[in-house]
Amino acid sequence: MLLENETFLSELTNLFSINRSKGGSLYITVKRYDGRTKPKPRSAQTPVENKCLIRAHIGQKKISTVVNAKDVNKFQLAYSNLLKGNFYGLKKRVKKKVGIEK
């Protein structure tokens, strides 16, 4: 389901809460998107503004959004804040002490 950027972020928050209550895995994919749904012919060389396609799914629930090049900075700030707030199950890395042995 293709959503607007703000709606995608709110639905992603809902997916994180579903994941927290039920468990499982939440998958997020980010890739370059040029706006086409069919392969381009080899002879056509028209410059296209690049976009970013972001998909998220947990089980059968799937959401996606397309971010335009001019909106990337604003979306990235909101997206990173959302991710920081919802990374609750990560374990801290244990640092090994490196000492000089004699």
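This report walks through a predicted model, starting with its sheet and moving on to its helices, its core and a few individual residues.

## The sheet

Let's begin with the strands. The model has an open sheet of 4 strands, arranged in the order β1-β4-β3-β2, and the pairing within this sheet is mixed. The edge positions belong to β1 (2-3) and β2, and each of these has a single partner strand, so one side of each is left without a neighbour in the sheet. As background, strands of a sheet pair through backbone hydrogen bonds, and they can do this in a parallel or an antiparallel way.

Now for the individual pairings. The parallel one joins β1 to β4 over 2 bridges, and here Leu2 stands opposite Ser64 of β4. Strand β3 (residues 51-58) pairs with strand β2 (residues 27-33) in the antiparallel sense, with 7 bridges.

## The β3-β4 hairpin

Strand β4 (residues 61-67) runs antiparallel to β3, and 7 bridges join the two. Along this pairing, His57 faces Lys62 in β4 as its opposite residue. Together β3 and β4 make a hairpin with 2 residues between the strands. In the turn you will find Gly59, whose phi is positive at about 65°.

Helix α1 (residues 5-22) lies across β1, β2, β3 and β4, and its direction is at about 150° to β4. Helix α2 (residues 72-86) also packs on the sheet, where it touches β2, β3 and β4 and makes an angle of about 145° with the direction of β4.

How do the helices sit relative to each other? Two packed helices are described by the angle between their axes and the distance between the axes. For α1 and α2, the packing angle is about 10° and the axes are 11 Å apart. Since angles under 35 degrees count as roughly parallel, α1 is roughly parallel to α2.

The contact between them includes Phe8, Leu12 and Phe16 on the α1 side, and Phe75, Tyr79 and Leu82 on the α2 side. Sorted by class, the contact of α1 with α2 is made up of 9 nonpolar, 4 polar and 3 charged residues.

## The nonpolar core

The largest nonpolar core has 16 residues, and the members that touch the most others are Phe8, Leu12, Leu15, Ile63 and Phe75. At least two residues of this core come from each of α1, β3, β4 and α2. The largest share is that of α1, with 5 residues.

Leaving aside residues up to four places away in sequence, Leu12 touches Leu26, Ile28, Ala56, Ile63, Tyr79 and Leu82.

## Buried polar residues and a helix residue

Two residues deserve a look of their own. Ser64 belongs to strand β4. Its relative accessible area is 11%, so Ser64 is buried. Beyond residues up to four places away in sequence, Ser64 is in contact with Met1, Leu2, Leu3, Phe8, Leu53, Ile54 and Arg55.

Asn19 sits in helix α1. With a relative accessible area of 10%, Asn19 is buried as well. Apart from residues up to four places away in sequence, the contacts of Asn19 are Gly24, Ser25, Leu26, Ile58 and Tyr88.

Val72 and Ser25 are 47 residues apart along the chain, and 26 Å separates their C-alpha atoms.

Definitions and conventions. Residues numbered from 1 in each chain as written. Predicted model: local features only at pLDDT ≥ 70, side-chain atom pairs only at ≥ 80, totals over all residues. Heavy atoms only, no water. Pairing = 2+ DSSP bridges. Contact = heavy atoms within 4.5 Å. Axes fitted to C-alpha atoms, helices over the stretch in contact; angles between N-to-C directions. Buried < 20%, exposed > 50% of the residue type's maximum accessible area, 1.4 Å probe, protein only. Core = buried A, V, L, I, M, F, W, Y, C linked by side-chain atoms within 4.5 Å. Parallel < 35°, antiparallel > 145°, perpendicular 65-115°, else oblique. Nonpolar A, V, L, I, M, F, W, Y, C, P; charged D, E, K, R; others polar.
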